Amino acid sequence: ALSLISQGEHAFDIVDIVDLHVDSVAFLRNSPDKLEVLVLWIQRLVVDNMEKGVLNIPAPVISRVFQELSRGVVKVNDVRKISDFLFPFPYAQLIGFMLLLNAILTPFIVSALMEKWYWAFFASFV
């Protein structure tokens, strides 16, 4: 994405798993929550490079970086909650039945209430 924005003016390094230390890769593989480990590593790299002067960025901007990282983790955890807790099957069947019943009965009820056929059509299908 950055190479598309820079229009080929800069070459960006890509961090691959080969570039990580063997102990770090082993720790990451054995970790129950790999996302938390990676986010903490990124935060640590940002703080270390701020102290070394590599990231000469004002504190409000860096705090926004940490805020966006934490929001990303919250969103991933929200997705995990959705995938972990299944929607009850009987409730899903009831919703489907009620939608079908609504689709079948609405045109008849609306046509009985409306005097003009085009208003009944509009109220039922649009």
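Trainee: What pLDDT does the protein average?
Mentor: The protein averages 86, and 90% of the residues score at least 70. pLDDT is the predictor's confidence in each residue, from 0 to 100. This is a predicted model, where local features need pLDDT of at least 70, side-chain atom pairs count only at pLDDT 80 or more, and totals for chains, interfaces and linings use all residues. Residues are numbered from 1 along each chain as its sequence is written, and side-chain values use heavy atoms, with hydrogens and water left out.

Trainee: Where is confidence lowest, and where highest?
Mentor: Lowest in helix α1 (residues 2-6), with a mean of 63, and highest in helix α5 (residues 89-113), at 93. Helices here are DSSP runs (H or I, at least four residues), numbered from the N terminus.

Trainee: OK, packing. At what angle do α3 and α4 pack?
Mentor: About 180 degrees, with the axes 11 Å apart. That makes α3 roughly antiparallel to α4, a label for angles over 145 degrees. Axes are lines fitted to C-alpha atoms, for helices over the stretch in contact, and angles run from 0 to 180 degrees between N-to-C directions.

Trainee: Which residues make that contact?
Mentor: From α3, the list includes Leu-35, Val-39, Ile-42 and Met-50, and from α4 it includes Ile-62, Phe-66, Leu-69 and Arg-80. Contact means heavy atoms within 4.5 Å. By class, the contact of α3 with α4 has eleven nonpolar, one polar and two charged residues. Ala, Val, Leu, Ile, Met, Phe, Trp, Tyr, Cys and Pro count as nonpolar, Asp, Glu, Lys and Arg as charged, and the others, Gly among them, as polar.

Trainee: And how do α2 and α3 pack?
Mentor: Helix α2 (residues 22-30) meets helix α3 (residues 34-52) at about 140 degrees, axes 8 Å apart. That makes α2 oblique to α3. Phe-27 and Leu-28 of α2 are among the contact residues, as are Val-37 and Trp-41 of α3.

Trainee: Switching topic: how many salt bridges does the structure hold?
Mentor: Five, each a side-chain nitrogen of Lys or Arg within 4 Å of a carboxyl oxygen of Asp or Glu. One of them joins Arg-64 and Glu-68, at 3.2 Å, N to O.

Trainee: Where do Arg-64 and Glu-68 lie?
Mentor: Both are in helix α4 (residues 59-84), four residues apart, about one turn of the helix.

Trainee: Last one: which residues of α5 meet α6?
Mentor: Thr-106, Pro-107, Val-110 and Ser-111 of α5 meet Ala-120, Ala-123, Ser-124 and Phe-125 of α6. That contact divides into five nonpolar, three polar and no charged residues.

How values were computed: Helix = DSSP H or I, 4+ residues; strand = E, 2+ residues; numbered from the N terminus. Parallel < 35°, antiparallel > 145°, perpendicular 65-115°, else oblique.
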